[in-house]
Amino acid sequence: MILIIYAHPYPQHSHANKRMLEHIGTLEGIEVRSLYELYPDFTIDTAAEQAALERADLVVWQHPMQWYSTPPLMKLWIDKVLAHGWAYGHGAHALKGKSLLWAVTTGGGDRHFDIGSHPGFDVLAQPLQATALYCGMKWLPPFAMHCTFICDDETLQAQARHYRQRLLDWQEASHG
Ligand SMILES: Cc1cc2nc3c(=O)[nH]c(=O)nc-3n(C[C@H](O)[C@H](O)[C@H](O)COP(=O)(O)O)c2cc1C
């Protein structure tokens, strides 16, 4: 099962993430949890989130980049759900062996993230990658949709098809 943890503060105003979700909507074996719709008051049901994670083989953290990081509810989700004694710590292995895909949309183009005037994209990924590895998860190469401010809808749709293909490829590989 693929679990999409989706954190968009204004899902109704999304273009890029909305297209991504539309394209994967027809796949089987996918559960999408839209955090800002589930928890508008930021009171996260930790037990429900952990139960969803236990069902998953691949976990996807999908969100728009905000100030080079995640939206705040995504960060709170990590803080609350990846709890000591469950996700990490002595004898805790609930997430061990599961795969983690970071699927992020950005306003900036890929050159915006070149090392130099801005931190590189790989550098920005490090806190999430470290979190996944600390919990014993397999970090997959991230999926990034860049330039979302200036993309026309055709380009967004093409990128969303790539996203769908990434998930399909993973399903095929994991089912042998
Ligand atoms: C508060 C805020 C902060 C943002 N910070 C960044 C950023 O640091 N880097 C970047 O490339 N885009 C940034 N953006 C642009 C969003 O990532 C972009 O609008 C989003 O990925 C588009 O996806 P959507 O159409 O699903 O909303 C920011 C947008 C907002 C609202």
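This section describes the overall fold of the protein and then several of its local features. The model is a predicted one.

The protein contains six helices and six strands. Read from the N terminus, these elements follow the order β-α-β-α-α-β-α-β-α-β-β-α. The radius of gyration is 16 Å, close to the 16 Å that the globule rule gives for 176 residues, so the protein is as compact as a globular protein of that length. Along the principal axes, the C-alpha atoms occupy a box of roughly 45 × 40 × 35 Å.

Of the 176 residues, 47% are buried. Among contacts with a separation of 6 or more, 78% join residues 24 or more positions apart. The accessible surface amounts to about 9,300 Å². Carbon and sulfur atoms contribute 54% of that surface. The protein carries 13 positive and 18 negative charges.

Helix H4 spans residues 72-81. Its buried residues are Leu73, Met74, Trp77, Ile78 and Val81. They cover an arc of only 145° around the axis, which puts them on the same side of H4. An α-helix has 3.6 residues a turn, so residues three or four places apart point the same way. The cover over the buried residues of H4 is drawn from several elements. Helices H2, H3 and H5 (121-134) are included. Strands S1 and S3 (58-64) are also among them.

Most residues other than glycine have a negative phi. Phenylalanine 42 is not a glycine, yet its phi is positive, at about 65°. Phenylalanine 42 sits in the loop between helix H2 (35-38) and helix H3 (46-55). Its relative accessible area is 32%, so phenylalanine 42 is partly exposed. Cysteine 147 also has a positive phi, of about 60°, although it is not a glycine. The loop that holds cysteine 147 runs between strand S6 (143-145) and helix H6 (153-174). With a relative accessible area of 26%, cysteine 147 is partly exposed.

Serine 14 belongs to the loop between strand S1 (2-6) and helix H1 (16-24). The relative accessible area of serine 14 is 5%, under the 20% cut-off, so the residue counts as buried. Leaving aside neighbours within four places in sequence, serine 14 is in contact with Tyr6 and His8. Tyr6 falls within the S1 range of 2-6.

Aspartate 57 is located in the loop between H3 and S3. Its relative accessibility is 41%, so aspartate 57 counts as partly exposed. Beyond neighbours within four places in sequence, aspartate 57 is in contact with Met1, Lys98, Ser99 and Trp170. Aspartate 57 and serine 99 are 42 residues apart along the chain. Their C-alpha atoms are separated by 6.4 Å.

Key. Residues are numbered from 1 along each chain as its sequence is written. This is a predicted model: local features need pLDDT of at least 70, side-chain atom pairs count only at pLDDT 80 or more; totals for chains, interfaces and linings use all residues. Side-chain values use heavy atoms; hydrogens and water are left out. Helices (H or I, at least four residues) and strands (E, at least two) are DSSP runs, numbered from the N terminus. The radius of gyration is taken over C-alpha atoms; the globule rule is 2.2 Å times the number of residues to the power 0.38. Buried means under 20% relative accessible area, exposed over 50%, partly exposed in between (1.4 Å probe, protein chains only). Contact means heavy atoms within 4.5 Å. Accessible areas come from the Shrake-Rupley method with a 1.4 Å probe; for residues, only the protein chains shown count as cover. Lys and Arg count as positive and Asp and Glu as negative; His and the chain ends are not counted. The place of a charge is taken as NZ of Lys, CZ of Arg, CG of Asp or CD of Glu. The arc is that of the directions from the helix axis to the C-beta atoms.
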